[in-house]
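Q: I have a fold open on my screen and would like to learn how to read it. Could you take me through the sheet, the cores and a few single residues?

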Amino acid sequence: MAIIGNRIDGRLIHGQVANLWATKLNIGRFMVIDDEVAQSDIDKQALKLATPAGIKLSVLPIEKAATNIKNGKYDSQRVMIIAKRPDRFVELVNQGVKIDELNVGNMSQTNETRSITNSINVMDEDIENFQKLKEQGVNIISQMVPNDKAVDFMTLIKE
């Protein structure tokens with residue numbers, strides 16, 4: 001399987017992902033999975049600008065991403081899947097894509113969220129989705145940058 005990393009990051013592709021994670025994991029393709037972003041030419045253009053030279057970019061609705069992955073379209077590439085919220089990964093798993101580990105990065109604060117670290121803010125719905133992923137055998141960690149120690153994310157939301 002070509003999936004090298006899975007990350008939740010509200011900013012999708014930005015400095016930490018584009019430079020630190022891509023380099024550390026030797027990523028050849030970023031795959032953003034998000035039904036709304038995939039429909040927005042402005043969002044897609046911004047993501048293209050944020051993607052470093054030499055790295056391919058796919059911005060796909062979740063169902064299309066799952067189909068492409070299951071059909072082996074990216075088997076010869078090193079892919080990092082990125083989404084804004086955990087529900088996108090729940091849907092991907094429900095579509096039959098196997099995910100071993102999910103790294104929870106930045107989740108922005110809104111009126112509906114509560115803070116669990118200084119850069120991760122969740123809604124009750126997010127917690128339920130993390131629980132669903134855990135039940136599917138996904139190891140969920142939080143690690144902002146490669147040099148940080150990976151923390152078991154589920155212990156953070158139980159506090």
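Q: What is the order of the strands in the open sheet?
A: First the terms: helices (DSSP H or I, at least four residues) and strands (DSSP E, at least two) are numbered from the N terminus, and two strands pair if DSSP finds at least two bridges between them. Here seven strands form an open sheet in the order S3-S2-S4-S1-S5-S8-S9, with mixed pairing. This is a predicted model, where local features need pLDDT of at least 70 and side-chain atom pairs count only at pLDDT 80 or more, while totals for chains, interfaces and linings use all residues. Residues are numbered from 1 along each chain as its sequence is written, and side-chain values use heavy atoms, leaving out hydrogens and water.

Q: Which strands stand at the edges?
A: Strand S3 (56–60) and strand S9 (151–152) do; each has a single partner strand, so one side of each lacks a neighbour in the sheet. S9 pairs with strand S8 (residues 139–142) in the antiparallel sense over two bridges, and Ser142 stands opposite Val151 in S9.

Q: Which helix lies across S2 and S3?
A: For angles, axes are lines fitted to C-alpha atoms, for helices over the stretch in contact (heavy atoms within 4.5 Å), and angles run from 0 to 180 degrees between N-to-C directions. H3 lies across S2 and S3, running at about 160° to S3.

Q: Why does Val17 count as buried?
A: Because its relative accessible area is 0%. Val17 lies in helix H1 (residues 15–25), and beyond residues up to four places away in sequence, its contacts include Phe30, Met80 and Ile82.

Q: How many residues does the largest nonpolar core have?
A: In soluble globular proteins, nonpolar side chains tend to be buried together. A nonpolar core is a set of buried Ala, Val, Leu, Ile, Met, Phe, Trp, Tyr and Cys residues joined through side-chain atoms within 4.5 Å. The largest one has 37 residues, and Ile81, Phe89 and Leu92 are among those with the most contacts inside it. Elements that give two or more residues to this core include strand S4 (79–83) and H5. A second, separate core has 17 residues, including Ile27 and Met80.

Q: What does Ile81 touch?
A: Leaving aside residues up to four places away in sequence, Ile81 touches Met31, Ile33, Phe89 and Leu92, among others. Phe89 and Leu92 are also among the buried residues of helix H5 (residues 86–94).

Terms used. Buried < 20%, exposed > 50% of the residue type's maximum accessible area, 1.4 Å probe, protein only.
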